[in-house]
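Here is a quick tour of the covalent and charged links in a protein chain. Have the sequence and the 3D view open while you read.

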Amino acid sequence: MLPLRIGLKRLSRTNLNLKIVIGLSIGFYLAFGQAQRLEMHACPLDLRYEFSLKGVEAQCGFFTSLLSHDEPSRGEVKLNFLELKSLKVSDETILYLEGGPGGAATGRYKLWLDHPLREDYNIILLDQRGTGGSSPTLNCPLSTLDPILAMQRCLKNFEGDLSYFNSRESASDVALFIETLNLSEVNLLGVSYGTRLALTVMRDHPERIRSVVLDSTYPPQVDRLATLASNAERVFEKLFNLCEHQKTCARAYPGLKNEFIAAIEAYNFLPLDFPCSI
């Protein structure tokens with residue numbers, strides 16, 4: 001969390017001089033000839049109720065982007081977004097990118113309702129392609145004891161080309177979204193996989209990026225699946241060594257490493273079954 005705190009402290013002390021122009025109606029975008037890309041709509045009823053209780057000014061919309069930015073004829077994707085207005089009148093904004101991959105930025109809106117950054121910044125939560133309220137969706141409910149079977153069914157039922165759901169295309173979505181909103185500059189805030197997307201935007205479309213905050217960085221060159229097991233082993237070894245050399249921990253958990261290994265071997269022999277709902 002340290003990079004996030006450092007980055008936000010820097011943001012709070014900097015006069016960013018951003019220019020943001022966001023209309024409250026479709027008519028505004030008609031004037032710019034971009035009505036086909038942006039569609040404002042009423043936020044869901046439960047959100048409107050919560051916003052009214054807290055006195056939050058917000059607006060929701062869909063942004064239409066290209067499925068393939070290199071081949072426009074391939075079709076389109078529709079991205080869901082939510083903007084939370086700053087507590088003060090402000091033309092400065094933070095664009096939040098959720099992690100996962102697969103997490104929905106709009107699903108994290110509660111974290112931003114009372115966030116100190118909203119004092120001076122408009123917060124835009126953009127659901128990346130395939131996530132949250134965006135369409136087509138890659139959400140796959142694992143309502144079965146066999147998650148692999150559930151994933152196979154989701155893949156079979158998905159009508160589309162998964163090869164276009166990647167960081168490069170998502171970064172182009174972000175750049176086109178910023179351009180469509182006519183933002184002169186933005187501050188990107190990415191968490192976990194959102195940092196990989198933010199880094200890809202910095203690499204491919206740096207023109208309108210004012211600053212970037214990376215929390216739990218996931219660099220583009222890292223293969224998470226290939227390194228997951230070795231990273232986990234390294235972390236557990238470090239935990240065991242630290243506990244062994246810390247008197248309080250060593251007294252409370254003598255032989256922690258051996259107990260851990262024994263538990264793993266027992267569960268490998270007799271696995272636990274539990275309902276999976278993600």
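**Disulfides**

Keep in mind that this is a predicted model. There are three disulfides in it, and counting the bonded cysteines along the chain gives the pattern 1-2, 3-4, 5-6.

Start with cysteine 43 and cysteine 60, whose sulfur atoms sit 2.1 Å apart in a disulfide. The angle about this S-S bond is 105°, and the link is right-handed. Cysteine 43 is in the loop between β1 (38-41) and α3 (45-54), while cysteine 60 belongs to strand β2 (residues 58-66), so the bond ties together parts that are 17 residues apart in sequence. Are these two cysteines buried or exposed? Cysteine 43 has a relative accessible area of 6% and cysteine 60 one of 4%; both count as buried because the cut-off for that label is under 20%.

Next come cysteine 140 and cysteine 154, again a disulfide, with 2.1 Å between the sulfur atoms. The torsion about the S-S bond here is about 90°, so this disulfide is right-handed. Cysteine 140 lies in the loop between β5 (122-126) and α5 (147-157), and cysteine 154 is in helix α5 itself, so the pair ties together parts 14 residues apart in sequence. Cysteine 140 is buried at 15% relative accessible area, whereas cysteine 154 is partly exposed at 24%.

The remaining pair is cysteine 243 and cysteine 249, joined S to S at 1.9 Å. Its torsion is about -95°, so this disulfide is left-handed. Cysteine 243 is buried, with a relative accessible area of 4%.

**Helix α8**

Where is the kink in α8 centred? Look at serine 230, where the helix kinks by about 25°. At the start of α8, aspartate 223 brings a side-chain oxygen to within 3.3 Å of the backbone nitrogen of leucine 225.

**Salt bridges**

The structure has eleven salt bridges.

| lysine 54 | aspartate 114 | 3.3 Å |

In the salt bridge of lysine 54 with aspartate 114, lysine 54 is in helix α3 and aspartate 114 in the loop between α4 (109-113) and β5, so the pair ties together parts 60 residues apart in sequence. Lysine 54 is partly exposed at 43% relative accessible area, and aspartate 114 is exposed at 60%.

Glutamate 98 counts as buried at 10% relative accessibility, but arginine 108 is partly exposed at 35%.

Lysine 257 is partly exposed at 34%, and glutamate 237 is partly exposed at 29%.

Finally, check out Asp70, Arg168 and Glu169, which are linked in a network of salt bridges.

Note on methods:
Residues numbered from 1 in each chain as written. Predicted model: local features only at pLDDT ≥ 70, side-chain atom pairs only at ≥ 80, totals over all residues. Heavy atoms only, no water. Disulfide = S-S within 2.5 Å. Helix = DSSP H or I, 4+ residues; strand = E, 2+ residues; numbered from the N terminus. Buried < 20%, exposed > 50% of the residue type's maximum accessible area, 1.4 Å probe, protein only. Bend = angle between axes of the 7 residues up to and from the residue. Polar contact = N/O pair within 3.5 Å; in protein donor to acceptor, adjacent residues only side chain to side chain. Salt bridge = Lys/Arg side-chain N within 4 Å of Asp/Glu carboxyl O.
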